[in-house]
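Dear colleague,

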Amino acid sequence: MKKGSIIFTISLALLLVSAAGAAAQDLYFGGYVRNNTGVLIDDDLDFSHVQNTFDLKAEYYGDISELKSEVFINQTDTDDIEIGIKELYVDIFFDSMDLRVGKQQIIWGKADGVFITDVISPKDLSDFVLPDFDEVRMGVTALKADYYTSALDFELVWIPTFTPAVMPETGTIWEVSTPLPSLPTINVPSDTLENSEVFGKVSYMGSAIDIELMGGYMWDDLPAAYQDAGMFADYHRVTMAGGSFSTDIAGLIVRGEGAYYNGKNFTVQASPVTTVEKDFVNYMVGLDYSLAGFTLGTQFIQEIVLDYDDRIMLNDEFKNTMTFVVAKPFLNDTLLLEFFSYVGLSNEDSLLRPKVTYDLADGLEWILGADIFLGDEGDFGQYDDNDLVYTKLKYSF
Amino acid sequence: MKKTKVLIISLILMAMVLGFAQAQITGQEVMENVYNRPTGPDIQSTLTMTLTNSRGSTRVREIKQFIKEFGDDEKKIMFFVAPSDVKNTSFMSWSYGDGQDDDMWIYLPALKKTKRISSSSKSDYFMGSDFTYDDLGERHPSLDTHKILREETVNGEDCYVVESVSKDSDYFYARTITWVVKDEWFGMKREFYDEDDEFLKILTINEYKKVNGYWVIPEMEMYNEQKDHTTLMQLDDIKIGDGIKDSQFTERMMERGIR
């Protein structure tokens with residue numbers, strides 16, 4: 001989208017919201033201003049990023065409807081300015097049904113920090129998984145309908161046009177190492193009705209347990225590469241079925257989430273490079289506990305390529321990962337110490353994420369953190385040279 | 001005349017019997033009366049918490065809350081309104097009359113996700129206040145052993161002074177002492193002692209009144225002596241028995257938020 005049309009869209013959205021608000025006085029504005037500066041821990045102490053962000057939420061509340069928009073402006077150290085719409089949608093509420101139409105983030109699943117059944121909103125992995133998760137997940141234009149009974153909630157999502165995940169750009173420090181002989185030309189499915197995506201979910205929240213069952217007929221967010229007259233990569237259709245649960249057993253939260261992908265395409269090492277279709281399983285089991293003011297949590301995540309073909313290039317047959325989190329607030333919640341870590345069991349790599357958050361005043365927080373990559377290969381080990389410390393100053397209004 | 005005398009004697013005897021019975025009331029019965037005191041079918045209010053630290057600086061949290069009785073069980077949903085960085089966060093708890101652990105969920109708007117949180121987190125402090133999640137709920141009297149220590153008058157109200165010791169040795173309060181207003185069965189004051197039986201904090205009631213025939217506490221204050229930190233809790237726009245829908249206490253409403 002050209003910058004001019006983005007500005008026009010944002011201006012139009014704000015104008016609509018303002019006009020609606022002026023009529024009804026049911027208008028809310030909020031958002032934040034944030035500076036985010038990171039320094040690589042290397043000999044030169046290069047800046048990994050210097051970014052200023054202005055985020056503005058505008059909401060209008062009607063009798064049976066709501067209009068919500070969230071726009072952002074990012075200004076980086078190179079004076080590049082990125083303007084975008086995080087969300088822009090209308091909610092319509094009925095007695096037993098809600099409709100949401102427009103650009104929106106849709107989040108499914110019970111896992112923290114990993115994506116298993118959370119497959120609707122594509123991910124912006126330009127800076128790996130380091131930004132806040134509401135910035136990693138991109139909004140998509142969708143129609144979402146929820147129907148509620150006394151026991152069950154039914155959700156149906158239709159996404160007319162496919163939006164792929166955003167991968168790190170070549171030449172940046174987050175560039176993904178690839179064994180392909182050359183960078184592929186990526187073919188994106190055309191915007192036709194036939195290429196739209198459909199998702200469905202049934203969920204139950206009760207005293208004993210929370211359960212979700214879901215499925216989707218969608219596009220795989222990541223393309224598979226093949227060799228023809230050059231290197232190309234195509235996105236492929238995939239069918240997903242999954243579920244998740246969460247329950248409290250004597251104060252211990254037990255969570256689980258799993259997804260089965262039928263017909264996922266993988267790139268295989270051959271001459272020429274080609275693709276192969278395999279079924280794929282991704283699941284997580286996790287525990288959370290609270291002890292003496294500490295929040296403790298761990299997750300085990302496994303990915304399995306069924307009927308594995310040894311020639312598959314980017315995926316092993318099994319990939320095992322664990323996550324750990326420890327957090328404790330101090331000074332009546334004005335100081336929060338957190339330590340989140342990913343540990344790759346298959347490649348013996350990890351990402352350690354210590355963080356200190358201090359509330360200088362209501363709505364004004366200062367964050368000091370580090371992202372430490374360990375290992376030689378794997379999702380985290382490939383970034384062993386990218387250890388960084390960062391600071392964020394954020395004012396919410 | 002003879003009939004009148006008989007009536008007077010009967011009334012005196014009845015009063016003596018009732019007085020005797022009341023004098024014999026046990027700590028367990030007092031706390032059961034507190035637990036079973038009618039609070040109305042539902043209540044909604046705006047809750048403002050003013051947190052003051054030892055240096056005198058203050059922070060303010062504002063919450064819109066809805067509570068409804070479901071037989072012996074109770075459901076509560078809270079929508080955080082201020083400060084701005086927690087706006088649209090919501091918290092829901094379901095408490096059970098049979099003493100079963102509460103079910104608790106939190107909706108975090110930044111993650112757009114409702115998470116079940118551990119009932120073991122009841123010892124955690126709520127939004128940086130001096131109230132734990134447990135303090136904000138109704139603790140079932142069967143979880144503690146209760147003993148009347150004495151009777152005292154507080155703010156002109158005759159009170160039973162009841163000591164409650166948890167049957168669970170791992171409970172985060174070694175004991176609490178509650179001043180319960182006779183016959184009205186609401187607490188006027190409560191002292192909390194930590195796991196080492198050191199004095200921790202005191203809850204005092206600044207205002208109490210009846211709304212639609214039910215006692216409510218529009219203003220109370222918790223002072224944590226160990227931290228020299230105070231939380232003033234004020235309720236406004238109190239409505240009792242307005243008929244909150246059952247569907248208010250659902251994930252749908254947690255995620256929709258309050259307008």
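In which loop of chain B is Pro83(B) found? Pro83(B) sits in the loop between strand E3 (73-82) and strand E4 (90-95) of chain B, where strands (E, at least two residues) and helices (H or I, at least four) are DSSP runs numbered from the N terminus. A cis peptide bond, with omega about 5 degrees, joins Ala82(B) to Pro83(B).

Please keep in mind that this is a predicted model, in which local features need pLDDT of at least 70 and side-chain atom pairs count only at pLDDT 80 or more, while totals for chains, interfaces and linings use all residues. Residues are numbered from 1 along each chain as its sequence is written, chains are lettered from A and ligands numbered from 1 in the order in which they are written, and side-chain values use heavy atoms, with hydrogens and water left out.

Chain A also has backbone features to look at. Ser271(A) and Pro272(A) are joined by a cis peptide bond with omega about 0 degrees, and Pro272(A) lies in the loop between E15 and E16 of chain A. In the loop between E14 and E15 of chain A you will find Ala250(A), a residue other than glycine whose phi is positive, near 50 degrees.

Turning to the interface, 50 residues of chain A are in contact (heavy atoms within 4.5 Å) with 39 residues of chain B. The area buried between the two chains, that is, the accessible area (1.4 Å probe) lost on putting them together and summed over both, is about 3,400 Å², and carbon and sulfur atoms give 41% of this. Met205(A), Asn332(A) and Asp362(A) supply 21% of the area that chain A buries against chain B, more than any other three residues.

The rule finds 6 salt bridges across this interface, a salt bridge being a side-chain nitrogen of Lys or Arg within 4 Å of a carboxyl oxygen of Asp or Glu. The side chains of Arg256(B) and Asp98(A) meet in a salt bridge, at 3.4 Å from N to O. Among the elements that give two or more residues to the side of chain A that touches chain B are strand E5 (97-104), helix H2 (133-136) and strand E15 (252-268) of chain A.
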